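The sequence and the structure come next.

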Amino acid sequence: MWPLDPPPFSARGSWEACTSLSRDTTANKNLGTRLRAAADTAEKAAEAFRAAAQSRTLHNLKAKNFKIDDICDKQVAETVYKNGMTRNSPGRAIYDALMDAPEDELCPLCRHSDVTELDHVLPKSTYPALCVAPENLVPVCGFCNSTKNDRAPENAEDVLLHPYFEDTGTANWLDATLATSALDAGRLTYFVSPPADWDSTLTARVRRQFTFLELGRRYSVKANQHLRGIHHHLVEQLRSGRKAAVRAHLTDMATSHLVADPNSWTGVAYRTWAANDDFCEGRFW
């Protein structure tokens, strides 16, 4: 749900790099030559993928149209992606550049955890012609990648937002409420609050992604841990300047975080705490 600059690599260039060292043997029926000959197929597959991503119709792409003729899907994924991109091979430079793309090293699907893996937007197991297409590869955290797994969208509302083609980061859509019970004082519940100008499909997609990737729970846990870390400082603020000092500090912190990212879970936490009178009067633990 957070944008990344599109990769500066072509699909053809990536395919050619990742198949350049593929070997021909009698046992594999000249697999290397056959894979290298599939560069046109890979390029056309990437063009179809880009058009669908730009028009938000990835759910309409059929796996049967993204095969490499006469080579099984698993063999393509193993040879081209695993051997040709993730290992010490000519395609490794592309892999490393994609992994290094997020400036803050945070996963663009959740902005909760650090990037550790490359996710195939459309899975390599069923869309092998896209297995090394740069625009089909997004650097993500392990949680988001394992949760998504080999999932392909089934309808428009099921399509996760693509960081290279979609940007919801300029509008504030993340909000939170504060627990009212003394037992849970300070604990936040996060939710999606869509802007008025969003259409119903975009709203449904963001809510779906929020729920699917468990962002509410993950953000709440982070905020609770963060509150423990600043508890002493809040107590000192309360002692020195009472409610006004606590609110001023929380407001300043909210502004700082939200300027950098209008949907920062940290900024939303500070904003929600600052707006609550009971919290600012000392009910923060």
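## Surroundings of Ser264

In this predicted model, Ser264 touches Leu174, His257 and Leu258, leaving aside residues up to four places away in sequence. Ser264 sits in the loop between α8 (215-260) and α9 (265-274).

The relative accessible area of Ser264 is 9%. Because buried means under 20%, Ser264 counts as buried. A polar atom of the Ser264 side chain lies 3.0 Å from the backbone nitrogen of Gly267.

## Largest pocket

The volume of the largest pocket is about 350 Å³. Its lining is made up of 17 residues, and those nearest the centre of the pocket are Trp2, Pro3, Leu4, Asp104 and Arg111.

Sorted by class, the lining of the largest pocket holds nine nonpolar, six charged and two polar residues.

## Second largest pocket

The second largest pocket has a volume of about 210 Å³. It is lined by 14 residues, of which Leu21, Ser22, Arg23, Thr79 and Asn83 are the closest to its centre. Two or more lining residues come from each of α1 (11-19), α2 (31-36) and α4 (73-86). The largest share is that of α4, with three residues.

In the lining of the second largest pocket, eight residues are polar, five are nonpolar and one is charged.

Definitions and conventions
Residues are numbered from 1 along each chain as its sequence is written. This is a predicted model: local features need pLDDT of at least 70, side-chain atom pairs count only at pLDDT 80 or more; totals for chains, interfaces and linings use all residues. Side-chain values use heavy atoms; hydrogens and water are left out. Helices (H or I, at least four residues) and strands (E, at least two) are DSSP runs, numbered from the N terminus. Buried means under 20% relative accessible area, exposed over 50%, partly exposed in between (1.4 Å probe, protein chains only). A polar contact is a pair of N or O atoms within 3.5 Å; within protein, one must be able to donate a hydrogen and the other to accept it, and residues adjacent in sequence count only if both atoms are side-chain atoms. Contact means heavy atoms within 4.5 Å. On a 1 Å grid over the protein atoms alone, a cavity is a set of points where a 1.4 Å probe fits but cannot get out, and a pocket is an open set with protein on both sides within 12 Å along at least five of seven lines; lining residues have an atom within 4 Å of a point. Grid points are joined across faces, edges and corners, and a volume is the space filled by probe spheres set on the points. Ala, Val, Leu, Ile, Met, Phe, Trp, Tyr, Cys and Pro count as nonpolar, Asp, Glu, Lys and Arg as charged, and the others, Gly among them, as polar.
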